[in-house]
Amino acid sequence: MDENMVDVLIYLYENYMDGENQPPTDQGELEAELAQAGFSKIEIDKALQWLDDLAISADASSDSHSAGSMRIYTADECAKIDVEAQGLLLSLEHNAILDPASRELAIDRLLAIDHPALLEEVRWVVLLVLMNRPGREDAFTQMEEMLYNVRPAYLH
């Protein structure tokens, strides 16, 4: 199976984080289930660490970023987040789905992926970030609708 860490995150979201089912309380059981689903131990470990780091970053995140400020990407960021993905992040911010702190958290989590982020992966990362940001429930709902809507979503 040619899966990556983001596929493990998507599996976890679709099976547990959407509120319908609870994951096993024992991490070993969860890892065994993920392995049974076809994910490699390396990708499982990366995904669980990624989620732990997201929780830590979300707790430490502050809203000190100025609204309306322009985000300039570094060369290292551009290597992982292409122009199309940057445009998606900008569009989400202009449409109030991402606030500056959530945008920075999403960028941080995109950089933690070990390959350049695909556009679909950017959407999933934003969804997971918003799920971990108190007070961003409406934005999370909008992002979830965008992600699962098969037709292109037009934001106005």
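Biologist: In what order do the elements of the chain run from the N terminus on?

Modeller: This is a predicted model, in which local features need pLDDT of at least 70 and side-chain atom pairs count only at pLDDT 80 or more, while totals for chains, interfaces and linings use all residues. Residues are numbered from 1 along each chain as its sequence is written, and side-chain values use heavy atoms, with hydrogens and water left out. Helices (H or I, at least four residues) and strands (E, at least two) are DSSP runs, numbered from the N terminus. Read that way, the elements run α-α-α-α-α-α-α-α.

Biologist: What percentage of the 156 residues of the chain count as buried?

Modeller: The secondary structure comes to eight helices and zero strands. A residue is buried under 20% relative accessible area, exposed over 50% and partly exposed in between (1.4 Å probe, protein chains only). Of the 156 residues of the chain, the buried ones make up 39%.

Biologist: Of the contacts in the chain with a separation of 6 or more, what share joins residues 24 or more positions apart?

Modeller: A contact here means heavy atoms within 4.5 Å. Among contacts with a separation of 6 or more, the share from residues 24 or more positions apart is 69%.

Biologist: Within what arc do the buried residues of helix 3 fall?

Modeller: An α-helix has 3.6 residues a turn, so residues three or four places apart point the same way. In helix 3 the buried residues are Glu43, Ile44, Ala47, Leu48, Trp50, Leu51, Leu54 and Ala58. Seen down the axis, they line one face of helix 3, because they fall within an arc of 150 degrees. The arc is that of the directions from the helix axis to the C-beta atoms, and for helix 3 its value is 150 degrees.

Biologist: How far is the C-alpha atom of leucine 48 from that of glutamine 27?

Modeller: Leucine 48 lies in helix 3 and is buried, with a relative accessible area of 11%. Leaving aside residues up to four places away in sequence, leucine 48 touches Leu12, Gln27, Leu30 and Glu31. Leucine 48 and glutamine 27 are 21 residues apart along the chain, and their C-alpha atoms are separated by 9.4 Å.

Biologist: What is the volume of the largest pocket?

Modeller: On a 1 Å grid over the protein atoms alone, a cavity is a set of points where a 1.4 Å probe fits but cannot get out, and a pocket is an open set with protein on both sides within 12 Å along at least five of seven lines; lining residues have an atom within 4 Å of a point. Grid points are joined across faces, edges and corners, and a volume is the space filled by probe spheres set on the points. For the largest pocket this is about 330 Å³.

Biologist: Which helix gives the most to the lining of the largest pocket?

Modeller: The lining has 16 residues, with Met17, Leu30, Leu48, Leu51 and Asp52 nearest the centre of the pocket. Helix 1 (5–17), helix 2 (27–36) and helix 3 (41–60) each supply at least two lining residues. With five residues, the one that gives the most is helix 3.

Biologist: From which helix does the largest share of the lining of the second largest pocket come?

Modeller: The second largest pocket has a volume of about 270 Å³. Twelve residues line the second largest pocket, and Met70, Arg71, Leu90, Glu93 and His94 are the closest to its centre. The largest share of that lining, six residues, comes from helix 5.

Biologist: Which residues does glutamine 86 touch, not counting residues up to four places away in sequence?

Modeller: Glutamine 86 sits in helix 5. Glutamine 86 is buried, at a relative accessible area of 17%. Beyond four places in sequence, glutamine 86 touches Tyr73, Cys78 and Ile81.
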